[in-house]
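Take a guided walk through this protein chain. Have the sequence and the 3D view open, and follow one stop at a time.

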Amino acid sequence: MSRFLKYPDLDAARALDAVDPLASMRARFALPEGVTYLDGNSLGALPRTTAARLKEVVEREWGRDLIGSWNSADWIGAARRVGGRIAPLIGAEANEVLVTDSTSVNLYKLLVAAVKASPGRTTILSEPGNFPTDLYVADGAAWSVGAQVRTLPVEDIVAAIDDDVAVVMLTHVHYKTSAMLDMAGITAAAQAKGALVLWDLSHSVGAVPIDLNGCNADLAVGCGYKYLNGGPGAPAFLYVAERHQARLRSPLSGWMGHAAPFAFDDGYAPATDIARFLCGTPPILGLAALEEGVKLFEEVAFDALVAKSRSLSSLFVTLMDELCGEYGFTLASPRDPAARGSHVSYGHPEAYAICQALIARAVVGDFRAPDILRLGFTPLYTSHEEVWRAVDTLAAVMRERAWDRAEYRERAAVT
Ligand SMILES: Cc1ncc(COP(=O)(O)O)c(C=O)c1O
């Protein structure tokens, strides 16, 4: 029994784990003993097969078979192959998804392509407080093509779309608040006014239901290193609806996006399909690691994954309700689990120091400036018992004022 928490008790959390259909997936990850890892929304955990697969790619495919592996190990097809594996997680067809570059670079390629494909329209519309790279890249993309970026609170976006808006760029699940936007509704409303929509799925993919084609989506991007467990700096993915592929062109016209890269022509002729959004030589080691992460999703029923995500985060919110009043936490995420992603955030003036004190007690979450404590619940490997333990640890940290130390206020380079 906890020293601090009253309800629901540890047994109730364990009872939920006892009937968890995904419980066996935990053993597929090499998580350190005794660590409660609640940051898989930032950097996913290491799948057990990844190290062996990378060893094989390095020693056999690279070390022994050398350059022949571009053909024999299908290195050349990896961007499409791994994209095809991500496609079912986002409601896309395999020929609409590529794994390539970073999310930032993919945002750039698609934003420029979208503006260029929208004659007479020169505005990229987004929301303030969107993930910084999205806004920074939009700034650079607008600068490249003589467009401008406009930001408005998300609830005002649809009404503000006029005939100057080329593309609306939004993040489906907000990185700080976890609020999930109405993809179908916003997409349809924007398209009715002649704009394209670009969705950033970084905090959604592998955690919430996404149906890009069901929403008639235009464009999307997302990270490989969060819920997809591709490892630090894993390549990202992009989605371009098939109907747009022939008319949208990437501004980064590298040889891998050419219709015939090995013809070595001087002139650029983009591939006619999704491959036109490739640029340079694909990062094979990163792709191999990401493929191991993505393959794990093929073993689970997505409905069960979503149900578990909601169950974990709801347990967390229920337990946190007990601490909020006493210790000054404010829920910064939607209370309805269907309206949020798989992370939950709380505002607290001492959020940074509290986060460090939690990490010192082996409960790993993260901090987002200026005052957000953010905890991610990864349905593939987080248990209800861990959720309970995390809140129990937080209760102890607050009661003992364990966060109130100078060393916990010193900001590290990465928060
Ligand atoms: C919504 C969103 N977009 C993009 C990124 C990161 O993009 P990149 O991988 O290019 O650094 C993040 C990282 O947390 C994110 O949350």
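Ala190 lies in helix 8, which covers residues 183-192. Helices here are DSSP runs of H or I with at least four residues, strands are runs of E with at least two, and both are numbered from the N terminus. Ala190 has a relative accessible area of 0%, so it is buried. Buried means under 20% relative accessible area, exposed means over 50%, and partly exposed is in between, with a 1.4 Å probe and protein chains only. Ile157 is 33 residues away from Ala190 along the chain, and their C-alpha atoms are separated by 9.0 Å.

This is a predicted model, in which local features need pLDDT of at least 70 and side-chain atom pairs count only at pLDDT 80 or more, while totals for chains, interfaces and linings use all residues. Residues are numbered from 1 along each chain as its sequence is written, and side-chain values use heavy atoms, with hydrogens and water left out.

Next, the backbone. Most residues other than glycine have a negative phi, and most peptide bonds are trans. Ser178 has a positive phi, near 75°, and is not a glycine. Ser178 sits in the loop between strand 5 (165-171) and helix 8. Its relative accessibility is 0%, so Ser178 counts as buried. Asn229 is another residue with a positive phi, about 60°, although it is not a glycine. The loop between strand 7 (219-222) and strand 8 (237-240) holds Asn229. At 2% relative accessibility, Asn229 counts as buried. A cis peptide bond runs from Ala369 to Pro370, with omega near 5°. Pro370 belongs to the loop between strand 12 (366-368) and strand 13 (372-376).

Move on to helix 12, residues 384-399. This helix has 16 residues and reaches 23 Å from its first C-alpha to its last, close to the 22 Å expected at 1.5 Å a residue. The expected span is 1.5 Å times one less than the number of residues. Is helix 12 largely enclosed by the rest of the structure or largely open? Of its 16 residues, 13 are buried, so helix 12 is largely enclosed by the rest of the structure. Just after helix 12, Arg401 takes a positive phi of about 50°.

Now look at charged pairs. The structure holds 26 salt bridges, each a side-chain nitrogen of Lys or Arg within 4 Å of a carboxyl oxygen of Asp or Glu. One of them joins Arg28 and Glu299, with the closest N and O atoms 2.4 Å apart. Arg28 lies in the loop between helix 1 (10-18) and strand 1 (36-37), and Glu299 in the loop between helix 9 (284-295) and helix 10 (302-327), so the pair ties together parts that are 271 residues apart in sequence. Arg28 is partly exposed, with a relative accessible area of 28%. Glu299 is partly exposed too, at 45%.

Lys295 and Glu292 meet at 3.2 Å, N to O. They are three residues apart in helix 9, so about one helical turn separates them. Lys295 is partly exposed at 31% relative accessibility, whereas Glu292 is buried at 6%.

Glu407 and Arg405 form a salt bridge at 3.2 Å, N to O. Glu407 is partly exposed at 45% relative accessibility, and Arg405 is partly exposed at 40%. Elsewhere, salt bridges that share partners join Asp74, Arg81, Arg85, Glu291 and Glu298 into one network.

The last stop comes from a record. An unreviewed UniProt entry places the feature "binding site" at Thr103, Ser104, Phe131, Pro132, Thr133, Asp134, Thr171, Asp200, His203, Tyr225, Trp255 and Thr281. These positions span 179 residues of sequence and are also spread in space, up to 30.7 Å between C-alpha atoms. UniProt positions follow the numbering used here, feature names are shortened, and annotations may be inferred rather than shown by experiment. Of these residues, the lining of the largest pocket includes Thr103, Ser104, Phe131, Thr133, Asp134, Thr171, Asp200, His203 and Tyr225. A pocket is an open set of points on a 1 Å grid over the protein atoms alone, where a 1.4 Å probe fits, with protein on both sides within 12 Å along at least five of seven lines; lining residues have an atom within 4 Å of a point. Ser104 lies in helix 5, residues 103-116. Its relative accessible area is 24%, so Ser104 is partly exposed.
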